Amino acid sequence: AAHGRRVYPDTVNTSLQWALVPSSPPLSDSDAPLGTTGGVFVLQASSALLTAGTAYVVRLTGVVEGSSAAGVAELGIVVNSPPVGGSFTACVAVEGGGADAACVTQGTAVVDSFQLSCPSWTDPEGDALLQYRFGYQLLDSPNASAVWFDWAGDAVRLVSLPSGSVQAMAQVKDDCGAATDVLTALVTVVSSGARRGGRHLLA
């Protein structure tokens, strides 16, 4: 006893129950690997259980054995969402070209650089710094591996591409790691031998 009140050690006299609200389907053993009735709760949920951008409550209910008294503690969480609202373009870089310049998707190897750009992406939660990564894959060669450049804070990158049909790629992520799907754009790169008289020979 302490000051005339009975003390109930949690691990002995209190029945605990963890829950996720809302939860559909109910928590499975894989979602809560340590169970839902112990002193420690681990939520290891899949995308089938948690939806990006949705608010949830982790609720702990404790009931003292032999009593109707119950205590409830809650913790609110929001599932992080990947960046939204932007686009991806892959265009021949033109010196002095403005935002309204036409996007030319056929260029010449060695001679032309391509500007890969991811404009207008935002974080739904509004408080994350975005990072971008760009890459490409040569579609003419079935054994060619995708080439990715490192993540960086710049939404634009100038690259030189090999000749052939090339799939330019990009991804955008926030500082919590939530990333978009891979964004793609198709460009054509002709060999420098196909350039004569200072003009491109277009297919």
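This note goes through a predicted model point by point.

1. Basis. The model is predicted: local features need pLDDT of at least 70, side-chain atom pairs count only at pLDDT 80 or more, and totals for chains, interfaces and linings use all residues. Residues are numbered from 1 along each chain as its sequence is written, and side-chain values use heavy atoms, with hydrogens and water left out.

2. Confidence. The protein chain has a mean pLDDT of 86, where pLDDT is the predictor's confidence in each residue, from 0 to 100. Of its residues, 87% reach 70 or more. Over residues 1-8 the pLDDT is below 50, and this stretch has three contacts in the model beyond near neighbours in sequence; contact means heavy atoms within 4.5 Å. Residues 196-203 also stay under 50 in pLDDT. For residues 196-203 the model has nine contacts beyond four places in sequence.

3. Secondary structure. The protein chain contains one helix and 13 strands. Helices (H or I, at least four residues) and strands (E, at least two) are DSSP runs, numbered from the N terminus. Along the sequence the pattern is α-β-β-β-β-β-β-β-β-β-β-β-β-β.

4. Burial and surface. Of the 203 residues of the protein chain, 28% count as buried. Buried means under 20% relative accessible area, exposed over 50%, and partly exposed in between (1.4 Å probe, protein chains only). The accessible surface of the chain comes to about 12300 Å², of which 52% belongs to carbon and sulfur atoms. Such areas come from the Shrake-Rupley method with a 1.4 Å probe; for residues, only the protein chains shown count as cover. Among contacts in the chain with a separation of 6 or more, 56% are between residues 24 or more positions apart.

5. A three-stranded sheet. Three strands form an open sheet in the order β4-β6-β9, with antiparallel pairing. Its edge strands, β4 (89-92) and β9 (156-159), each pair on one side only. From one strand to the next the twist averages 20°; axes are lines fitted to C-alpha atoms, for helices over the stretch in contact, and angles run from 0 to 180 degrees between N-to-C directions. Two strands pair if DSSP finds at least two bridges between them. Strand β6 (residues 114-117) is joined to β9 by four bridges, and Ser 117 stands opposite Val 156 in β9.

6. A stacked aromatic pair. The whole structure holds three aromatic pairs. The rings of Trp 18 and Phe 41 have their centres 5.1 Å apart and their planes at 10°, so this pair is stacked. Rings of Phe, Tyr and Trp (its six-membered ring) pair if their centres lie within 6.5 Å; planes under 30 degrees apart count as stacked, over 60 as edge-to-face and the rest as tilted. Trp 18 lies in strand β1 (residues 14-21) and Phe 41 in the loop between β1 and β2 (55-64), 23 residues apart. Trp 18 is buried at 16% relative accessibility, and Phe 41 is buried at 15%.

7. A tilted aromatic pair. Tyr 136 and Phe 149 have ring centres 6.4 Å apart and planes at 45°, so the pair is tilted. Tyr 136 belongs to strand β7 (residues 131-138) and Phe 149 to the loop between β8 (147-148) and β9, so the pair ties together parts that are 13 residues apart in sequence. Tyr 136 is buried at 17% relative accessibility, whereas Phe 149 is partly exposed at 23%.

8. Gly 62. This residue lies in strand β2 and is buried, with a relative accessible area of 13%. Beyond four places in sequence, Gly 62 has contacts including Thr 14, Leu 16 and Ala 69.
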